[in-house]
Amino acid sequence: MPPGKQTQNHPASFDAKAYLKNLSLAPGVYRMFDAVGDILYVGKAKSLKKRVSSYFLKQDHAPKTRALVSKIANIEVTITNSETDALILEQNLIKELKPPYNILLRDDKSYPYIYLASDKEFPSLSLKRVRSKGKVGQYFGPFPNAHAVRESLGLLEKLFKVRQCQESFYRNRSRPCLQYQIKRCKAPCVGLVSEEEYRQDVEHVVMFLQGKNPELIRQLIKEMEKASVDLDFEKAAELRDQIQYLRHAQESQSVESGIADLDVIAMSDGPGISVYSMLFIRKGRILGHKNYTPKVLLDESQEERLQGFLEQYYVGSGVEKDLPSEVILPFSVPDKEMLSDALQSVAGKQIRFAHKVKTIRAQWQKLAQTNADNALKTYLANKENVFQRVDSLRTLLQLPALPKRMECFDISHSSGEKTVASCVVFNDQGPLKSDYRTFNIEGIEPGDDYAAMRQALSRRYRKVNDEPTKRPDIIFIDGGKGQLNMAIEVMSALNASDILLLGIAKGTTRKAGFETLFIPDGQGGLKTIQCAADEPSLHLMQQIRDEAHRFAITGHRKRRDKSRPQSQLEVIEGVGPTRRRALIKYFGSVQGIKTASIEEISKVDGISSNLAEHIYLSLHGD
């Protein structure tokens, strides 16, 4: 069952407005499911939010599109690095999932391939959009667009001179065409090349298109050396040019050479939930993506939970999977050697587990993490999940009705300076970000969180009785009995003691899942509530508290950065960020630059003698 899949039989339960509000603007692929979890449609998007929104915001859809929209009960997305990656991933998902509406709604355009018609005496290369059954030949691709195919065909013309003309044109030639004159073809149409030499060129083309550039270069070097020994210098020069072209093409490829099949796994934790996001890379291309949300065991560390997921996914049914040769992890796990040995025993394949990666692997690792974070955000924002958690909170606190507005406060500062208090707001559908507020705290002793909280509560609720629509049902205080008693005093002074106050104190281990709750007992004291670690109401309170913490830190950083004095280098004309970094890197600090001479400053990369003099005079006030 796909993550977050609806179980209702009525497709109208899909809340498009709530879903679109949290959808990413990044490029990617979206998958639409019906009420029983069957795939309906797979699409690509330059901007997921804009493309998916168009299904629900437009009113002039064709009948087939309206039929699709009426059946949507759930949507999953995969974020990609680029629109190009989205195109290729969409194609692979369509092949794998065979969505019924893609036949009806997809663009007529399909992904292009390079086709080698190997059934001919002198095979030809061409662009094909449809892989025809029964045709003898090889297809290479898919490529992201026709331009990429034509670019590759142009390079192949220069390198190997294999013909690209149509069969009717080829058969009716009596003399070489222009392609021969400009050295883009060897004119097999009029017998100017032997079949053996041409077949060798075709073999080189196949090796190039299969990504075997290093092997091909080694083979061409041997042929070049042989031609030199045979004193065939014209042939040797031609081979030399081919080798140079190939080396240039190899350097410019975005996918590093030698990449084997691999899986990339990322993990994102939220209140009561962990999301594992997997990218499946085969031959350097993203072929698929999937999210998993197994039950969280709160007494386990992140490393132990990831280890358990790996064991269940790979060892539990490893024999039936297309196992990679490498798995990239977000961090190391305790027993990866044992896991690798188990896979060798179960599936007969050695798999390497790594987490410190570079270049393209690091990009994939980052992309997988982006998808995991996005899936977690979508899960937490899911209307059905939020409603269940709010209803669980109502039951826990024995409230007569669902709380419609909940607010939470937190304090952030740097050693007591630039203190900021945050107030976040949730309703029974999730965060209400338009009502979030921050308070710049002034006039208190640095580091006095009690005084900061008192000031924030007083400023927020001094007019609460005049604003019924902004009046909360519950106020969460991140702290224990002391903070809660202070909040009770403030609300009583403001004639708002009827609002329920609830303190969330971290347990002795300070780990999520072991919090203690405090609420007024109605007799001047406090009552203690201990929630089970898997209680949905606790997960909601954790989510609200974590959001208040995040918003407080963000507000504090903005205030701190705004108040920082401007660097002396920033006001010097002609010294931008790149030159500032170069100067600081060379001298270590602004003070180091001040003590340097004009000649020494001019030694820094990007600093001319005139600019060095200008910097020197500016720093010395002349």
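β1 and β2 form a hairpin with 5 residues between them, and Gly37 in the turn has a positive phi of about 90 degrees. Helices (H or I, at least four residues) and strands (E, at least two) are DSSP runs, numbered from the N terminus. The model is predicted: local features need pLDDT of at least 70, side-chain atom pairs count only at pLDDT 80 or more, and totals for chains, interfaces and linings use all residues. Residues are numbered from 1 along each chain as its sequence is written, and side-chain values use heavy atoms, with hydrogens and water left out.

Strand β1 covers residues 28-33 and runs antiparallel to β2, with 6 bridges joining the two; strands pair if DSSP finds at least two bridges between them. Val29 has Lys44 of β2 as its bridge partner. Strand β2 (residues 39-45) is mostly covered, since 6 of its 7 residues are buried. Buried means under 20% relative accessible area, exposed over 50%, and partly exposed in between (1.4 Å probe, protein chains only).

**Cavity and pocket**

Grid points are joined across faces, edges and corners, and a volume is the space filled by probe spheres set on the points. The structure holds 1 cavity of 30 Å³ or more.

In the table, Ala, Val, Leu, Ile, Met, Phe, Trp, Tyr, Cys and Pro count as nonpolar, Asp, Glu, Lys and Arg as charged, and the others, Gly among them, as polar.

| Space | Volume | Lining residues by class |
|---|---|---|
| Largest cavity | about 40 Å³ | 1 nonpolar, 3 polar, 5 charged |
| Second largest pocket | about 770 Å³ | 9 nonpolar, 2 polar, 14 charged |

The lining of the largest cavity includes Lys186, Asp201, His204, Glu223 and Leu239. Helices α9 (195-209) and α11 (233-252) each supply at least two of its residues, and α11 has the largest share, 4 residues.

The second largest pocket has a volume of about 770 Å³. Among the 25 residues lining this pocket, Lys161, Lys186, Glu197, Lys235 and Glu238 are the closest to its centre. Two or more lining residues come from each of α6 (146-160), α9, α10 (213-229) and α11. α11 gives the most, with 8 residues.

**Single residues**

Ser412 lies in strand β12 (residues 406-414). Its relative accessible area is 9%, so Ser412 is buried. Leaving aside neighbours within four places in sequence, Ser412 is in contact (heavy atoms within 4.5 Å) with Lys418, Thr419, Val420, Ala552, Ile553 and His556.

The structure holds 0 disulfides, a disulfide being a pair of cysteine sulfur atoms within 2.5 Å. Cys165 is in no disulfide, and the nearest cysteine sulfur, that of Cys185, is 6.2 Å away. With a relative accessible area of 24%, Cys165 is partly exposed. Cys423 is in no disulfide either; the nearest cysteine sulfur belongs to Cys408 and is 8.2 Å away. Cys423 counts as buried, because its relative accessibility is 1%.

**The whole protein**

The protein has 22 helices and 19 strands. Of its 622 residues, 45% are buried. Among contacts with a separation of 6 or more, 60% join residues 24 or more positions apart.

Terms used:
1 Å grid on protein atoms, 1.4 Å probe; cavity = no way out; pocket = protein on both sides within 12 Å on 5 of 7 lines; lining within 4 Å.
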